[in-house]
Amino acid sequence: MPRLHAATLLALWLFWLLAGQVAGSPWHELWSGISITCALLFAPRRFLRLLRRLRWLLLAVLLTFAFATPGRLLIPDFAAGPSVEGLLAALSAMSKLIGMAAAVAVLLERLTPARLTGAIHRLVHPMSADPPSPGSFALRLQLVLHELDHQVPGRDWRSWLEDGDSGTPLPVEACAPLASMDRVVLAAAAGLLALWHWA
């Protein structure tokens with residue numbers, strides 16, 4: 001089987017994220033479960049590291065939904081507190097967020113920075129044969145992802161972009177055009193996404 005273009009793999013990943021956004025219960029839980037299972041199988045360390053960085057966001061989601069959603073009080077004897085409906089809504093929102101983090105972990109584990117940059121550039125500029133310019137979105141994003149993985153304590157995030165123009169070359173995979181197989185796979189994925197949406 002021919003090797004799929006990195007841009008095709010990235011587009012399939014974006015289709016998967018869209019499937020998670022349009023999925024309704026119980027499909028939403030199935031989507032999250034598949035994403036988390038894949039992350040635990042193929043990118044466990046990166047996934048757990050992402051979860052650790054999301055812990056405060058997850059806590060904020062839990063508290064916001066639990067205390068701000070009207071419904072039956074979890075402890076009826078109290079005058080105020082978290083509601084049962086709020087906790088259920090929080091669990092649903094948290095599972096979707098964790099599922100998206102799992103998908104990101106698998107993507108970053110399976111695509112090297114060079115392939116990912118080339119894929120982004122090809123999707124943003126599908127008709128261009130030129131490599132990404134020093135100020136392109138693809139290279140800027142690669143630089144930020146690199147800094148997230150090799151973060152130096154105390155550094156200001158604005159210095160990441162300044163360092164990007166320091167002359168240090170960033171690897172980029174050649175942005176070859178999409179082959180016929182890539183187009184067929186993308187068309188099939190778009191059809192499956194439509195069926196998922198209307199299921």
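This is a predicted model: local features need pLDDT of at least 70, side-chain atom pairs count only at pLDDT 80 or more; totals for chains, interfaces and linings use all residues.
Residues are numbered from 1 along each chain as its sequence is written, and side-chain values use heavy atoms, with hydrogens and water left out.

Let me start with the chain as a whole. The protein chain holds nine helices and zero strands, where helices (H or I, at least four residues) and strands (E, at least two) are DSSP runs numbered from the N terminus. Of its 199 residues, 31% count as buried; here buried means under 20% relative accessible area, exposed means over 50%, and partly exposed is in between, with a 1.4 Å probe and protein chains only. The accessible surface of the protein chain, computed by the Shrake-Rupley method with a 1.4 Å probe, comes to about 12300 Å², and 71% of that belongs to carbon and sulfur atoms. If we take the contacts with a separation of 6 or more, 67% of them are between residues 24 or more positions apart, a contact being heavy atoms within 4.5 Å.

Now to the two ends of the helix list. How do helix H1 and helix H9 pack, in angle and in axis distance? Helix H1, residues 6-22, and helix H9, residues 180-198, pack at an angle of about 0 degrees with their axes 10 Å apart, the axes being lines fitted to C-alpha atoms, for helices over the stretch in contact, and the angles running from 0 to 180 degrees between N-to-C directions. H1 and H9 are therefore roughly parallel to each other, since angles under 35 degrees count as roughly parallel, over 145 as roughly antiparallel, 65 to 115 as roughly perpendicular and the rest as oblique. On the H1 side the meeting residues include Leu-12, Phe-15 and Leu-18, and on the H9 side they include Val-185, Leu-186 and Trp-196.

Gly-20 also sits in helix H1, and at 0% relative accessibility Gly-20 counts as buried. Leaving out residues up to four places away in sequence, Gly-20 touches His-28, Trp-31 and Lys-96.

Leu-40 and Ala-102 are 62 residues apart in sequence, yet their C-alpha atoms are 8.1 Å apart in space.

Next, the charged pairs. Side chains of opposite charge can pair when their charged atoms come close. How many salt bridges does a search of the whole structure find? The search finds two, a salt bridge being a side-chain nitrogen of Lys or Arg within 4 Å of a carboxyl oxygen of Asp or Glu.

One of them joins Arg-46 and Glu-109, with the closest N and O atoms 3.1 Å apart. This pair links distant parts of the chain, with Arg-46 in helix H3 (residues 44-53) and Glu-109 in helix H5 (residues 84-110), 63 residues apart. Arg-46 counts as buried at 16% relative accessibility, while Glu-109 counts as partly exposed at 39%.

The other joins Arg-72 and Glu-85, whose closest N and O atoms are 3.0 Å apart. Arg-72 lies in the loop between H4 and H5 and Glu-85 lies in helix H5, so the pair ties together parts that are 13 residues apart in sequence. Arg-72 counts as exposed at 53% relative accessibility, and Glu-85 is partly exposed at 28%.

Finally, the surface. Trp-56, Leu-59, Leu-63 and Phe-67 make a nonpolar surface patch of about 450 Å²; patches are made of residues with over 30% relative accessible area and no salt bridge, like charges being joined within 9 Å and nonpolar side chains (Val, Leu, Ile, Met, Phe, Trp, Tyr) within 5 Å. Leu-63 is found in helix H4, residues 55-68, and is partly exposed, with a relative accessible area of 43%.
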